[in-house]
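This briefing covers one structure, shown below, by topic.

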Amino acid sequence: MNESPDLELQLREALRETSAPPLLRARILNAAASRGRRSSHAVLWRRIVALAALLTIGSFGLYRWEQRRRAEAVAEQFKLALRIAHREVLEVQAKLVVEVPVQLPQTN
Amino acid sequence: MIKKQVFAVLLMSWLAAAAQEIDLRALKALEAKASETTDINLGPEQIKLMMGLGSELAPELQGLGKTVERVQVKTLQFDKEGAYTLAETEKLRESVMTGNLVSLISVKKKNGFTEIAMRKGPKGENAGFLIVNVEPTEIAVVSIVGQLDLSSLAKLSGKLGVPNIQMGPAETSKKKGSAKQEEEELF
């Protein structure tokens, strides 16, 4: 039964209303604000990195597409050049055949 | 020291590549009078770019891409005769018929001329050909630098859009009309 008053005292002491330490409110508010700032910086950086990656991939894709388009154009020009070369040789050949007829030996 | 050597090699290769290009400035003045022009100038860079297409290219084109270094074609077509003088075209002949060329065919007429010449490499090997064909209403210059000769060109008949007409003395004049017709369809 001796312990009851002590316990009661201890409880009373524990539940006693005390005033908050000075500047606690300011510290809590500062901590919350800096956590918010850190989080918004991280989000911003993530967005920048994602945008940069997207731009890099997009530019590379565009470059590859452009290179391919140019390569196809070159291939077409190459083929056209061969066709013209072929045509010119044929024309010259035809001209020579017409202008310099082959004289066949006379046979009896 | 190494930098100087690399620079010298690069300079030499650039000069070699530039030297292979024929000078077609003589045709500049005539371009304005032409009703139709074709101008193709493919150097090593463009051909390398084309080779980047790899297996998508026709096998013949892949083979040519490995051996041909430069392709130059210029054609001018005129609506009527007399658009240019022979003196003007002589300038063209003088400017293109330079370098290690061995003339195969040289025909002169009062209203034009034809030159077909083989290009020789430093060791006398075949290094392409040059065709200059001046007619009353058409001027055509074809220059190929690389290991492509006229017989290899003939083998391309029926491939890569080249009309399937065999080059040779027989029946050429008869088939000329159909070659033109076939090409018109292709273009």
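**A loop residue in chain A**

- In this predicted model, A:Leu23 is exposed, with a relative accessible area of 66%; exposed means over 50%, buried under 20% and partly exposed in between, with a 1.4 Å probe and protein chains only.
- A:Leu23 belongs to the loop between α1 (3-14) and α2 of chain A; helices (H or I, at least four residues) and strands (E, at least two) are DSSP runs, numbered from the N terminus.
- The phi of A:Leu23 is near 70°, a positive value in a residue other than glycine.
- Most residues other than glycine have a negative phi.

**Conventions**

- Residues are numbered from 1 along each chain as its sequence is written, chains are lettered from A and ligands numbered from 1 in the order in which they are written.
- Because the model is predicted, local features need pLDDT of at least 70 and side-chain atom pairs count only at pLDDT 80 or more, while totals for chains, interfaces and linings use all residues; side-chain values use heavy atoms, with hydrogens and water left out.

**Chain B overall**

- Chain B has seven helices and six strands, in the order α-α-β-α-α-β-α-β-β-β-β-α-α along the sequence.
- Of its 187 residues, 41% count as buried.
- Among the contacts in chain B with a separation of 6 or more, 56% are between residues 24 or more positions apart; contact means heavy atoms within 4.5 Å.

**Nonpolar cores**

- The largest nonpolar core has 34 residues, and A:Phe78, A:Leu82 and B:Phe129 have the most contacts inside it.
- A nonpolar core is a set of buried Ala, Val, Leu, Ile, Met, Phe, Trp, Tyr and Cys residues joined through side-chain atoms within 4.5 Å.
- Helix α2 (residues 24-99) of chain A gives the most to this core, with ten residues.
- Apart from this core lies another, of 17 residues, among them B:Leu30, B:Ala34, B:Tyr84 and B:Val96.
- Leaving aside neighbours within four places in sequence, A:Phe78 is in contact with B:Leu42, B:Ile47, B:Met50, B:Leu61, B:Leu64, B:Val68 and B:Val71.
- In soluble globular proteins, nonpolar side chains tend to be buried together.

- In helix α3 (residues 44-51) of chain B, the buried residues are B:Ile47, B:Leu49 and B:Met50.
- Down the axis of α3(B), these buried residues fall within an arc of 155°, so they line one face of the helix; the arc is that of the directions from the helix axis to the C-beta atoms.
- The face of α3(B) turned away from the buried side carries the exposed residues B:Glu45 and B:Lys48.
- In helix α4 (residues 59-67) of chain B, B:Leu61, B:Leu64 and B:Gly65 are the buried residues.
- The buried residues of α4(B) fall within an arc of 105° when seen down its axis, so they line one face of the helix.
- Exposed residues B:Pro59 and B:Lys66 are carried on the face of α4(B) turned away from its buried side.

- B:Asn133 lies in strand β5 (residues 126-135) of chain B and is buried, with a relative accessible area of 2%.
- The side chain of B:Asn133 makes polar contacts with the side chains of B:Thr114, at 2.9 Å, and B:Glu135, at 3.1 Å.
- A polar contact is a pair of N or O atoms within 3.5 Å; within protein, one must be able to donate a hydrogen and the other to accept it, and residues adjacent in sequence count only if both atoms are side-chain atoms.
- Beyond four places in sequence, the contacts of B:Asn133 include A:Glu88, A:Glu91, A:Val92 and A:Lys95 from chain A.
- B:Val141, in strand β6 (residues 138-146) of chain B, counts as buried at 1% relative accessibility.
- Not counting residues up to four places away in sequence, B:Val141 touches residues including B:Ile22, B:Leu92 and B:Ile131.

**Rings**

- There is one aromatic pair over all chains.
- The rings of B:Phe78 and B:Tyr84 have their centres 4.9 Å apart and their planes at 55°, so the pair is tilted.
- Rings of Phe, Tyr and Trp (its six-membered ring) pair if their centres lie within 6.5 Å; planes under 30 degrees apart count as stacked, over 60 as edge-to-face and the rest as tilted.
- Both B:Phe78 and B:Tyr84 are buried.
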